[in-house]
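Please keep the sequence and the coordinates at hand while reading.

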Amino acid sequence: MLSRLKRKYVIPAFAVAFLFVGASFKEDFFEIAKQVEIFTTLFKTVNVNYVDETNPGELMDTAIKNMLTDLDPYTVYFNEQDVAKFKINNTGEYTGIGALITRKEGKLIIKEPYKDYPADKAGLKAGDEIIQIGDVSLIDFKEDAGELLKGTKNTAIDIKYLRQGKLYSTQIILNEVDVSAVPFYSMIGDDTGYIVLSQFNAKASAETKEALLELKKQGAKKIILDLRGNPGGLLGEAVNICNLFLPQNETIVTTKSKNEKYNNTYRTQRAPVDTEIPLAVLVNGKSASASEIVSGALQDLDRAVIVGSRSFGKGLVQRPIELTYGTQVKVTISRYYTPSGRGIQALDYTHKDADGKAIRIDQKDYNAFKTKNGRTVYDGGGILPDVVLEESKQSSIADALQRNDAIFNYVTEYYYKHPNEGTAIPTVNDTDFEGFKQFLKRTNFDFDTETEKSLKTTMEIAKKEKVDETIAAEYNQLLAALKKSEEKELNQNKEEIKELLLDEIITRYQYKEGLYKYYTTSNAEIKKAAALLNNTAEYNKILSK
């Protein structure tokens, strides 16, 4: 009897102790357990009782992914197939066709074949639409078609594709694909080295170091590090890249979280390559995460001059955590802070507007911090360059043209109309720009602006309520005015759009390598950075004021 009484009261006592292990855990445990039980019961009930056969895996996949979208865009669930892709992104190595592909509106499109890799050797070009892989037609294929283009080395895959409305077929021999973190580096002039760092995979710091040492061997006495368009990657690689230019044991970034085990300070661990060489870092609105760690640390420690436009503003740190059955969740675990103590997160995901979108931190709420030399820098909105260039900013109209593939699709058409441009640097003149505008009209390009979406939504509601005939004239008038406004905006940003067209055209004929070579002689931001490095007095003045 006594033994039974002991068990009755001792076991709950252990349970109570367990609940009080952590303050956050004790408060959330009951609610978490309750909601898990509700969800489990619901999931079983729906699968057992639903009128048609269900796919439990797909249902759960959708449920989890939609749940996480309510937190932030970076907390993501990976099923078994997703895990393989995630590992590829981090290592930069995989076996496949060697091309950037995208699925849009049900179509599998080659966006960029990598030079001398399987897709390129098989004759595939940007803009080709793959419609069949092996025996699988993609017309009604709902799974991830990209998985059909993977396999062991030397596997032969027959594909059919459409190019400019004509059907073609080819065979791709799969091979190992090594995605470089540093796709290009070269000398600019007699004594300036230029390094493009496009991503922070596991090889980023090693490749950057190799490029730096080679350029120094070629006579580089100044360095331009190009982080434009770099979306980030591995935190450790960002620290290691800073270490190339900073001494050992220098604080690069600090992470802070409600969970104490994620509160860390990351310092340089190795001997540097060069702590004195003048350094300019290029950033823009698409430089994010690890790019901002590097540019923010080098700015805070007055080790480099940052040139370009304000970076994206992603100050959140993620970590992949293994789950059961080969799945993972990548969780936002902390915020990171640069050496001066500033956070650079631009969007507040804990507060959202009426449309459910995260609110951008207001400039009036930015806080001032001091760099090592006493310069004032601010938090709250990405890394603001020391030298801000208007030409580095992207207009909303240009962003829409790129995001919705207008430039990509126009250049696909242009490429087949001008087959012999080869290695010559093409030009985009005003006639070409007018041709591009006509292309937009001919293809009924949707700029997808908030105004346009709201206007169309209003008309759809009017049709449902059967009052569309009453407002049809006003609607068409407003739509015409909007189109006229969009054309005006196109003309106002003509030079920027012409540059984007030229970039895409060069890439089609000469791959990314050709584009980077063109940049070394013609890109405005690179020219400005090189001129700044050549002006020692101005360079030193920026870093000391």
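What is the mean pLDDT of the protein, and what percentage of its residues reach 70 or more? The model is a predicted one, and its mean pLDDT is 88, with 92% of the residues reaching 70 or more. Residues 1-23 have a pLDDT below 50, and this stretch makes eight contacts in the model beyond near neighbours in sequence.

**Packing of helix 11 and helix 13**

Two packed helices are described by the angle between their axes and by the distance between the axes. For helix 11, which covers residues 430-442, and helix 13, which covers residues 468-492, the angle is about 155 degrees and the axes are 12 Å apart. Because angles over 145 degrees count as roughly antiparallel, helix 11 and helix 13 are roughly antiparallel to each other. The crossing of helix 11 and helix 13 is right-handed.

Which residues of helix 11 and helix 13 meet? On the side of helix 11 they are Phe433, Lys437, Leu440 and Lys441, and these meet Glu487, Leu490 and Asn491 in helix 13. Sorted by class, the contact of helix 11 with helix 13 consists of three nonpolar, one polar and three charged residues.

**Two residues with positive phi**

Asn154 has a positive phi although it is not a glycine, and Ser289, a residue other than glycine, also has a positive value of phi.

| Residue | Phi | Loop between | Relative accessibility |
|---|---|---|---|
| Asn154 | about 75 degrees | strand 6 (136-137) and strand 7 (156-163) | 54% |

Is Asn154 buried or exposed? Since exposed means over 50% relative accessible area, Asn154 counts as exposed at 54%.

**Thr507 in helix 14**

Thr507 lies in helix 14, which spans residues 494-522. With a relative accessible area of 13%, Thr507 is buried, given that buried means under 20%. When residues up to four places away in sequence are not counted, Thr507 touches Lys512 and Leu515.

Terms used. Residues are numbered from 1 along each chain as its sequence is written. This is a predicted model: local features need pLDDT of at least 70, side-chain atom pairs count only at pLDDT 80 or more; totals for chains, interfaces and linings use all residues. Side-chain values use heavy atoms; hydrogens and water are left out. Axes are lines fitted to C-alpha atoms, for helices over the stretch in contact, and angles run from 0 to 180 degrees between N-to-C directions. Helices (H or I, at least four residues) and strands (E, at least two) are DSSP runs, numbered from the N terminus. Angles under 35 degrees count as roughly parallel, over 145 as roughly antiparallel, 65 to 115 as roughly perpendicular and the rest as oblique. A crossing is left-handed if the near helix is turned anticlockwise from the far one by less than a right angle, and right-handed if clockwise. Contact means heavy atoms within 4.5 Å. Ala, Val, Leu, Ile, Met, Phe, Trp, Tyr, Cys and Pro count as nonpolar, Asp, Glu, Lys and Arg as charged, and the others, Gly among them, as polar. pLDDT is the predictor's confidence in each residue, from 0 to 100. Buried means under 20% relative accessible area, exposed over 50%, partly exposed in between (1.4 Å probe, protein chains only).
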